[in-house]
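Welcome, and please open the model in your viewer. We will go from stop to stop, selecting a few residues each time and looking at what is there.

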Amino acid sequence: MSLSICFQVLVLTISTTTQIWAYTDGVGTQCLGNVLRVTIHGSLLMGTHTDLDVLNGTDVINVSPLLATQCGYSQNPDPWGNMLLYISLQHCFAQSRTDGMSATNLQLRTYEPDSERVYPVSKTCRLPHWASREVLCSNNYMEVSVEHDLPTVEQLKWMTAGVKGGNSPTSGPGSMKSPFRLTEVIFYTPQDKTFSPMELSRLGYGLHTSPTRLLIRGPYNTTVTDNQEVAGVPMAIMRSSVVYKHRWMLSLVNAEVACPTGGLTFTDNLIIWRLPRHIRPLMSFSAEVVEAYMGLEAQRLDEATMSARGYSFYATDEHFVLEMPMQSPEGYFKSTVHRKRYYISYSVEPMIELLWRESGDSAETRYKVLFPIVTPPMPRLPHATVYSDPEEGVFKVIVGTFLPDVELINITTESGVMTTAEAITSGFDIQQYALSNGSKVFSLQVPFSHPTASKGNPNVKTLAYTLRLVLGFLVLPEQTTFSHPIVLEAAVEDTDMPTVSGSCDQQNFHITVQYGSQGPNIETVIGDSVLTEELAQHYAFSDNGTHFDLMIPFSSPDIAYKAVHSSYVSASLDVHLRSPEKGWNITHFSLACSFPTFIIACSSNGSIGVLAVKLEAVPSLNPAQLALKDPSCGPVYSDDRIALFYFHANTCGTTREFKDGVMVYENMATLKNDQNAKTPLSTNTEPQYRFRFSCTYTVNASKTLAFSTTSQSKVPVADASMGQLKVEMRLARDLTYTQFYSDGDYPMVRHLRQPLYFEVELMQFEDPDVELVINSCWATPQGDQTSKPRWDLVVDSCPNPEDPDQTVFHLVKSDHRVLFPSLVKRFEVKMFSFAEAEDSPAGQVVFHCSVVICDPRSLQNGLCRGPCASMQMGTNEVKRGPRAAPEPQVVHVVSGLIFLL
């Protein structure tokens, strides 16, 4: 029964610890025949501890489960917290009157941490007619009340006086009481068992005698209860005789009760309850049933209500049959958990009430059964309805249906367990929706980008998202849990595929790879090489989270040379992006560029330098096997990609031809010995390699030379001196300056990006007071130190300030090879300088240096006294006395021929 609650404070008492408030609203009472029904609204009980007390005069007696069975109280809660109390009008503390009125006084107490609330219940019910025998079957007890017909005090006096045929006289209030005393109870189970009233009380039985009636009430399963089947229906039967004594007189009062414990049949949508038509041993086959009712929650239903709600109540030869639909609003569904799975059961509390008379007897029996029914658990597998929207990038799912007593408490992902509050904080959108039929569903929305969702590619252009969840649920108020797994999947077209772009400068390919939606989980192939961590460092890898950049020199082995021209090489770079797990090709990018480089160098002295390049079209070519027309003229340097030839125009089979005032020298690089032979790795479709080149010289040419003179304030005078000075410049193999290239290693090949390590030493001289100072260094394309163009490296003993990557001087320390560090200078030339110059050298280059032999003790100004010269000599740390010295001597040194690529 639904009640509207309006709390009104009636009584306020204050104690030292707890406030007690008295309320009346939220509690309803109704007299239903021989039963009082008390309805308590769930809002009064939610979240509190509750006690039920019965008031007996000034005594407050707590109703324990044992007392409830003995005294005629039963309760039935529903999932929403509402409570129904059924109280027999003949309960232990009923205040009964002779006019059939029965008063009940109860109180309901609820406890909170700092307060106590009291809900008083007081109700007087009247049953106009009590049957000779009243049988009440409740969920926790069986009760039978019979008229005992024991003689009263006055009747005994009349009987002992021998008065016959007259009315019994009355002598006052006590004359209506019987002097007989209840001494023992005999139960037939079927063997006879005798108990005293005290022993019955210990068994949980209630025994009460009023001036006119005897009542026995007890639980279903005791040693004096006999379980039998009557017309196929399990029944709990109690048969007894109560012995009363008064002096020498005995009186037996029979009391029998039989209550059903079964008789249920369930179909998909129907509950069928059968009650024996002839309830043995309470009635004989000749008994006449004069009234039969069905009802719910102890209240009778009329035929119109039964028909409207789909109930059917009828009698057969053997049974009274009650059929009830499971969807009846008077019942309710309840969630249960069995083996960690979700089940539901339907509960309803029907009533059957009968009134019968035995044939030829006016005594009546009223028989009432309150029979709570709970169906067996029915599996209810939660169903997930997925309606994800790929365009929105959101998983959407509705999970249900559930009864109102189910709550979603946690969500388990592959990352761990989250409470619903934690899941919402992390980005889950969780909603609960009530449906019109009283059930509910849960809605979850999770972005594809949520960290708990996994991402993959079923194919190269499709992006698949998967979210694996286990939803954890709680059933109230039992606090039992169950879970349900769901897998959410969505596939979208990948519109943010990884991409590759690139550009070139004069020396490098610059590649940019955008990750796209797949992030860094891609495999990059540069040319034929997988981009490993080591290779990435070699290619100046840099990553900013959304993309990475590479700088790949055009001389890299991953570059394919396409064509060779007189002053540049055409090269291409292929970049492939692949899926590392599936091996799919995601995209391919190819970039072709031309790079200025030395191919042919024609010197005025007749020397010719040629760079033969292995092209992509001849992958099996070994450059070391190339030769000029004269097979004995092989490369002076080769690797797996290039071959360098350096020869004089009159050698190696070079041909000469005069054309229009110019002289043309021509030669060709091809394979040695048999120019048409195939290598073991070549294929029939691979072309033959022939590289023709030529140098053209003007036969007659005029050069103009201009010069000027300036007067000097002092005519230089040479000091007399004797001796011979020897200065050498060597190229070291690395920064350690422990190994050097020999004359036989020239000409050599270097890339513009490679540093060169030079050492200059004053040879065969052992004066530690003399200092070798590098005055200037420069590079020219020819061995002539005056040839043009010229690239200055050291000027006035200082690194060229206009050079973006200045020459670096390295400190020289004495060791087993260097005895006098003052006679040795070391410096490093940054080849980046040439790469950035507008007239950067393309081809051969020669390095020159002018060095000065200085006396640090000389006071004369000049080449030895500049600031950078002083730094080279370290005169800021050494103090020497002055002395007269000759003008410092200047010596010129030159390196071997170096080819720059």
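Which residue in E10 does His49 stand opposite? Select His49 and look across: Tyr111 in E10 stands opposite.

Before we go further, a word on what you are viewing. This is a predicted model, in which local features need pLDDT of at least 70 and side-chain atom pairs count only at pLDDT 80 or more, while totals for chains, interfaces and linings use all residues. Residues are numbered from 1 along each chain as its sequence is written, and side-chain values use heavy atoms, with hydrogens and water left out.

**Stop one: strand E10**

Select residues 101-112, which make up strand E10. Strand names such as this one come from DSSP runs of at least two residues (E), numbered from the N terminus; helices (H or I) need at least four. Of the 12 residues of E10, 9 are buried, so the strand is largely enclosed by the rest of the structure. Here, buried means under 20% relative accessible area, exposed means over 50%, and partly exposed is in between, using a 1.4 Å probe and protein chains only.

- Residues 49-56, strand E5, run antiparallel to E10 and are joined to it by 6 bridges.
- Residues 95-96, strand E9, pair with E10 in the antiparallel sense over 2 bridges. Gln95 has Ala103 of E10 as its bridge partner.
- Residues 115-126, strand E11, pair with E10 over 12 bridges, also in the antiparallel sense. Leu108 stands opposite Tyr119 in E11.

As you turn the view, remember that side chains in a regular strand alternate between the two faces of the sheet.

**Stop two: the disulfides**

How many disulfides does the structure hold? There are 8, a disulfide being a pair of cysteine sulfur atoms within 2.5 Å. We will visit some of them.

Select Cys137 and Cys259, whose sulfur atoms are 1.9 Å apart. This pair links distant parts of the chain, 122 residues apart: Cys137 is in strand E12 (residues 133-137) and Cys259 in strand E20 (residues 249-260). The torsion about the S-S bond of Cys137 and Cys259 is about -80°, so this disulfide is left-handed. Cys137 counts as buried at 1% relative accessibility, and Cys259 counts as buried at 0%.

Next, pick Cys602 and Cys695, with sulfur atoms 1.8 Å apart. Cys602 sits in strand E51 (residues 600-602) and Cys695 in strand E58 (residues 690-698), so the link ties together parts that are 93 residues apart in sequence. Cys602 is partly exposed, with a relative accessible area of 35%, whereas Cys695 is buried at 1%.

Cys633 is in the loop between strands E53 (626-627) and E54 (637-638), and Cys652 is in the loop between strands E55 (642-648) and E56 (655-659). Both Cys633 and Cys652 are buried.

**Last stop: Thr780**

Finally, select Thr780 in strand E62 (residues 771-780). Is Thr780 buried or exposed? At 0% relative accessibility, Thr780 counts as buried.

Show the side chain of Ser787 as well: a polar contact of 3.4 Å joins it to the side chain of Thr780. A polar contact is a pair of N or O atoms within 3.5 Å; within protein, one must be able to donate a hydrogen and the other to accept it, and residues adjacent in sequence count only if both atoms are side-chain atoms. Leaving aside neighbours within four places in sequence, Thr780 is in contact (heavy atoms within 4.5 Å) with residues including Trp791, Val845 and His848.

Conventions. Pairing = 2+ DSSP bridges.
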